[in-house]
Amino acid sequence: MVLTNVDVTYNETGNGANNGGGGIYTSGNLTLTNSEVSHNSVGTGNAIGCGGGIYNYDGAGASGTLLINSSTISDNTCGMVYKSTSNSSAGNGGGIFHTGIDTEYAYDVTINDSTLSGNHAADGS
């Protein structure tokens, strides 16, 4: 996915399973240029709960490259995630959460001339 000169603002995932990427959820490559991702949020739930601004997932067979150029990632939030009725953990990645399952591929993240600020997560901004 390539996004240029866009504002991704004031979006929210609901509570429940697989809630990730309040602003952007993508599996595979993401290039963000001259853009803003701000004031997005991920609610609570029972599965993912990560990436208030951006959730980039390297699925099986995908390279999962994340490239951010001249952009702002700010004031995004990620709350608590409940894995089961007896086990919970904090949400991760207030601004960006980048993860993968396929160790054959590199999980490349490159950020150039950009601002990350004011992002909050229950466990890691």
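Biologist: Is Ser74 buried or exposed?
Modeller: The relative accessible area of Ser74 is 8%. The model is predicted, and the value is computed from it. The cut-off for a buried residue is under 20%, so Ser74 counts as buried.

Biologist: Which residues is Ser74 in contact with, leaving aside its neighbours within four places in sequence?
Modeller: Ser74 sits in strand 10, residues 72-74. Its C-alpha is 9.7 Å from that of Gly52, which is 22 residues away in sequence. With neighbours within four places set aside, the contacts of Ser74 are Val37, Ser38, His39, Ser117 and Asn119.

Biologist: What share of the contacts with a separation of 6 or more is between residues 24 or more positions apart?
Modeller: The protein has 125 residues, and buried ones make up 42% of them. Among contacts with a separation of 6 or more, the share from residues 24 or more positions apart is 78%.

Biologist: Which elements give two or more residues to the largest nonpolar core?
Modeller: That core has eleven residues, including Leu3, Val8, Leu30, Leu32, Leu66, Ile68 and Ile96. The elements that supply two or more of its residues are strand 5 (30-33) and strand 9 (66-69).

Biologist: Which residues does Ile54 touch, not counting those up to four places away in sequence?
Modeller: Ile54 is one of the residues of the largest nonpolar core. Touching here means heavy atoms within 4.5 Å. Beyond four places in sequence, Ile54 touches Ile24, Leu30, Leu32, Val37, Ile68, Ile73, Gly95, Ile96 and Phe97.

Biologist: How many aromatic pairs are there, and why does the pair of Tyr25 and Tyr55 count as stacked or tilted?
Modeller: There are two aromatic pairs. In the pair of Tyr25 and Tyr55 the ring centres are 4.8 Å apart and the planes stand at 0 degrees, so this pair is stacked. It links distant parts of the chain, with Tyr25 in strand 4 (residues 24-27) and Tyr55 in strand 8 (residues 54-58), 30 residues apart. Planes under 30 degrees apart count as stacked, and 0 degrees therefore makes the pair of Tyr25 and Tyr55 stacked.

Biologist: Is Tyr55 buried or exposed?
Modeller: Tyr25 has 41% relative accessibility and counts as partly exposed. Tyr55 has a relative accessible area of 5%, so it is buried.

Biologist: How many residues apart in sequence are the parts that the pair of Tyr55 and Phe97 ties together?
Modeller: Tyr55 and Phe97 form a stacked pair, 5.5 Å centre to centre and with 25 degrees between the planes. Tyr55 is in strand 8 and Phe97 in strand 14 (residues 96-100), so the tied parts are apart in sequence by 42 residues.

Biologist: Which residues do the ring pairs link into a cluster?
Modeller: Tyr25 pairs with Tyr55. Tyr55 pairs with Phe97. The cluster linked by ring pairs is Tyr25, Tyr55 and Phe97.

Biologist: How far apart in space are Gly51 and Tyr25, and what is the relative accessible area of Gly51?
Modeller: Gly51 lies in the loop between strand 7 (41-42) and strand 8. Leaving aside neighbours within four places in sequence, its contacts include Gly20, Gly21, Gly22, Cys78 and Phe97. Gly51 and Tyr25 are 26 residues apart in sequence and 8.3 Å apart in space, C-alpha to C-alpha. Gly51 is buried, its relative accessible area being 0%.

Biologist: Is Tyr10 buried or exposed?
Modeller: Tyr10 is in the loop between strand 2 and strand 3 (12-13). Its phi is near 55 degrees, a positive value in a residue other than glycine. At 63% relative accessibility, Tyr10 is exposed.

Biologist: What accessible area do Val109, Ile111 and Leu116 have together?
Modeller: Leu116 is in strand 16, residues 115-117. With a relative accessible area of 44%, Leu116 is partly exposed. Val109, Ile111 and Leu116 form a nonpolar patch on the surface, and together their accessible area is about 230 Å².

Technical notes. Residues are numbered from 1 along each chain as its sequence is written. This is a predicted model: local features need pLDDT of at least 70, side-chain atom pairs count only at pLDDT 80 or more; totals for chains, interfaces and linings use all residues. Side-chain values use heavy atoms; hydrogens and water are left out. Rings of Phe, Tyr and Trp (its six-membered ring) pair if their centres lie within 6.5 Å; planes under 30 degrees apart count as stacked, over 60 as edge-to-face and the rest as tilted. Helices (H or I, at least four residues) and strands (E, at least two) are DSSP runs, numbered from the N terminus. Buried means under 20% relative accessible area, exposed over 50%, partly exposed in between (1.4 Å probe, protein chains only). Patches are made of residues with over 30% relative accessible area and no salt bridge: like charges are joined within 9 Å, nonpolar side chains (Val, Leu, Ile, Met, Phe, Trp, Tyr) within 5 Å. Accessible areas come from the Shrake-Rupley method with a 1.4 Å probe; for residues, only the protein chains shown count as cover. A salt bridge is a side-chain nitrogen of Lys or Arg within 4 Å of a carboxyl oxygen of Asp or Glu. A nonpolar core is a set of buried Ala, Val, Leu, Ile, Met, Phe, Trp, Tyr and Cys residues joined through side-chain atoms within 4.5 Å.
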